[in-house]
There are 2 protein chains.
Amino acid sequence: MEKRVSLKDVAKEVGVSTALVSYVLNNKKEGRIRKEVAQKIREVAHKLNYRPNQIAKSLKTRKTYTIGLVVADIANAFFSTLARIIEDEAEKNRYTVIFGSSDEMAERSQKLLDVLLDRQVDGVILAAAEKTEPQIRQLQERGIPFVLVDRYFPSLDVNYVGVKNFEAAYQCAVHLLESGRRRIGIVGFKTTLIHLEDRKKGFLKGLKDHGVSVKKEQIKEVALDASKEEVEAAIQQLLAEPNPVDALFFASNKLSTFGLIYINTLPLQVPEDLAICSFDQSDATELFYSRLTYVRQPLHEMGRQAIELLLQAINDGGAVRQIHLDAELVIGQSTTPCKSVAKKN
Amino acid sequence: MEKRVSLKDVAKEVGVSTALVSYVLNNKKEGRIRKEVAQKIREVAHKLNYRPNQIAKSLKTRKTYTIGLVVADIANAFFSTLARIIEDEAEKNRYTVIFGSSDEMAERSQKLLDVLLDRQVDGVILAAAEKTEPQIRQLQERGIPFVLVDRYFPSLDVNYVGVKNFEAAYQCAVHLLESGRRRIGIVGFKTTLIHLEDRKKGFLKGLKDHGVSVKKEQIKEVALDASKEEVEAAIQQLLAEPNPVDALFFASNKLSTFGLIYINTLPLQVPEDLAICSFDQSDATELFYSRLTYVRQPLHEMGRQAIELLLQAINDGGAVRQIHLDAELVIGQSTTPCKSVAKKN
DNA sequence: TTACTTTGTTTAATCGATTAAACAATTCGG
DNA sequence: CCGAATTGTTTAATCGATTAAACAAAGTAA
């Protein structure tokens with residue numbers, strides 16, 4: 001293992017001080033350095049294949065050009081897609097991304113944050129887990145630049161980028177009603193995460209505003225880390241006699257993916273017997289035999305804005321902003337109007 | 001922004017030298033330090049909420065406890081799942097992961113490696129892109145600990161963990177033949193990546209060994225970064241009259257996902273009109289109306305072994321190893337035997 | 001008592017960069 | 001021709017840790 005070439009090596013080879021080499025390679029003191037010397041330094045640096053040790057540089061400059069990304073689970077398509085976008089946006093600004101999965105656990109989240117901060121990341125983007133409000137507050141108090149994505153806490157005045165969950169879910173409800181369904185089941189999460197509660201509330205409000213009430217039995221809530229079986233059980237109950245639902249609303253990609261895998265095995269037809277509408281895009285939306293109606297989150301915009309906010313926070317500590325993006329309801333076949341409704345139109 | 005507490009701060013507060021603080025907090029010189037002093041140091045460190053600056057620590061110790069992960073695209077389920085496993089395995093050993101997506105481009109791969117190495121990662125795990133053989137060779141020459149995953153180069157004697165692609169594909173072929181299909185189409189990649197060629201070769205060998213020949217028109221190859229449309233076109237051609245195929249083999253999750261979305265829209269039935277077998281697990285395998293027959297790669301084992309090999313390389317530079325794991329053919333409904341065959345059994 | 005250990009702690013160099021300040025050699029204005 | 005400004009480069013401190021080596025004080029053996 002040949003040892004790495006340092007500034008010192010370059011300096012020695014050229015016969016100048018390390019300072020000069022540093023100035024040249026960083027284009028500082030432009031006018032002051034003799035051209036031939038600068039040229040020589042660049043030549044030698046290149047010849048020796050010199051690459052600055054970023055660790056040393058960071059120690060001195062107190063900048064790592066690294067951002068930490070904390071998500072619930074990088075294996076989840078929602079987060080891995082977002083991660084990719086964030087990676088690309090970060091790269092444009094010479095930043096590198098360190099990531100970690102919290103698994104929706106506050107403790108893991110704290111550990112991750114500690115690790116990231118110990119490594120002196122310049123800032124953090126995080127999809128906050130439940131009960132991490134104190135952690136976020138602490139970031140704020142310590143003056144760490146950060147941006148929340150996807151999830152937020154109303155009580156905290158911090159940078160945030162996400163979608164209008166309430167409104168999107170409201171739209172879903174209206175759409176299902178317009179399609180002629182009346183007995184609508186909800187598969188959501190049992191959680192305190194506001195963005196997920198918003199989805200539930202928005203959906204229910206949509207129904208209520210149009211005069212449709214929902215009984216408790218029509219609302220199923222599974223754990224955040226629910227297994228396929230849990231989701232199956234929920235659906236089973238919703239479809240149970242004597243009053244099976246004629247439509248289902250899934251509050252996330254995970255739920256609809258699990259749900260559709262199960263529904264695939266049932267002797268019922270979508271959309272004839274059951275209409276389906278889900279939050280989030282996923283392979284499921286296109287692969288299910290009945291192309292799905294779903295809420296598409298503008299992930300690209302989310303990632304882009306998250307980085308933009310973060311860089312602002314890092315650089316000039318710009319004003320705190322909360323960005324609520326519009327989500328788009330993509331109409332598929334899974335909510336095709338019932339015959340009774342279709343006739344009317 | 002309150003400034004971070006340093007060793008010096010702790011030392012001053014306690015009234016000792018920084019050396020002593022360092023020794024205590026790292027449990028060095030165990031017997032030599034007065035208990036009361038050690039106790040006091042720990043107390044104060046805790047009280048001040050001292051956390052060592054890993055950057056400074058790394059500079060001195062030449063260890064970052066960071067590993068770099070280079071994949072083709074972190075948004076691809078195969079890689080994001082693997083990333084999650086690697087993250088967890090790394091964490092068990094106190095390592096953190098920095099990642100980057102090469103997009104299958106050698107140039108991007110080189111850039112990523114540079115960034116990672118400039119940051120002094122202790123080692124690298126990479127799914128090598130095409131034409132990156134020189135890059136790998138350079139890693140080797142520079143004595144950088146690394147492990148290839150998924151893809152390999154036969155000419156290089158380096159650490160590697162992947163599956164037996166040839167054998168798995170061979171099995172697929174045999175399975176399709178046993179199901180009664182004879183005109184089998186292949187959707188693969190136009191690439192020099194050996195692991196993908198192995199899949200093609202293995203599949204063809206499987207057919208040939210059982211006396212089934214394949215015409216050129218039955219083999220379609222799309223670009224590594226193929227779009228949905230490209231895959232659709234390939235399938236269209238394979239299904240075109242006058243000799244449509246009665247079975248399809250997809251060489252990766254990306255291909256089958258794109259393919260199934262398309263096939264979903266066609267007026268043909270799987271498995272009656274068309275049998276399907278694919279490499280890689282994905283949501284598609286369970287979501288498609290006809291549960292898919294596919295090759296399941298032992299991702300967990302891959303991630304575990306990759307980290308194990310890497311840590312060995314980092315710590316004692318253990319012997320180079322190539323690990324070829326068995327892949328499992330998971331039988332679904334998409335390759336249910338034809339009636340003619342079923343009768344026989 | 002003397003010399004040698006042992007115990008407990010500090011000093012100071014170091015990792016590899018950055019950068020303010022000092023310094024030396026020219027050039028320039030009046 | 002002298003002091004000031006300009007040009008070109010070096011010195012040395014610094015970032016925040018680690019750690020070999022030095023040192024001081026106390027204990028111990030002969």
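Let's start with a distance. The centres of domain 1 and domain 3 of chain A, taken over C-alpha atoms, are 64 Å apart. The domain bounds come from an automatic or database domain assignment.

Some ground rules. This is a predicted model, where local features need pLDDT of at least 70, side-chain atom pairs count only at pLDDT 80 or more, and totals for chains, interfaces and linings use all residues. Residues are numbered from 1 along each chain as its sequence is written, while chains are lettered from A and ligands numbered from 1 in the order in which they are written.

Now chain A as a whole. Domain 1 covers 7-52. Domain 2 takes 64-162 + 299-325, and domain 3 takes 165-297 + 329-344. The C-alpha trace spans about 90 × 40 × 40 Å along its principal axes. The radius of gyration of chain A is 26 Å, whereas a compact globule of 345 residues would have one near 20 Å. That radius is taken over C-alpha atoms, and the globule rule is 2.2 Å times the number of residues to the power 0.38.

Chain A holds 14 helices and twelve strands. Helices (H or I, at least four residues) and strands (E, at least two) are DSSP runs, numbered from the N terminus. Of the 345 residues in chain A, 50% are buried. Buried means that 20 or more other C-beta atoms lie within 10 Å of the residue's own; exposed means 12 or fewer, partly exposed is in between, and C-beta atoms are placed from the backbone.

On to the DNA. Near means that the C-beta atom, placed from the backbone, lies within 6 Å of the molecule or strand. The most comes from α4(B), with five residues.

DNA strand C also has 27 residues around it. A:Ser6, A:Ala19, A:Ser22, A:Ala56 and B:Ala19 come nearest. Here α4(A) gives the most, again five residues. The surface near DNA strand C has twelve nonpolar, nine polar and six charged residues. For those classes, Ala, Val, Leu, Ile, Met, Phe, Trp, Tyr, Cys and Pro are nonpolar, Asp, Glu, Lys and Arg are charged, and the others, Gly among them, are polar.

How do the chains meet? 44 residues of chain B are in contact with 44 residues of chain A. Contact means C-beta atoms, placed from the backbone, within 7 Å. The side of chain B that touches chain A has 19 nonpolar, 14 polar and eleven charged residues. Strand β2 (residues 96-101) of chain A runs antiparallel to β2(B), joined by three bridges. Strands pair if DSSP finds at least two bridges between them. A:Ile98 stands opposite B:Ile98.

Last stop: a strand inside chain B. Why is strand β9 (residues 275-279) of chain B called largely enclosed by the rest of the structure? Because five of its five residues are buried. In a regular strand, side chains alternate between the two faces of the sheet. On one side of β9(B) sit B:Ala275, B:Cys277 and B:Phe279, on the other B:Ile276 and B:Ser278, all buried. Strand β8 (residues 247-250) of chain B pairs with β9(B) in the parallel sense over four bridges. B:Ala247 stands opposite B:Ala275.

How values were computed: Two residues are in contact if their C-beta atoms, placed from the backbone, lie within 7 Å.
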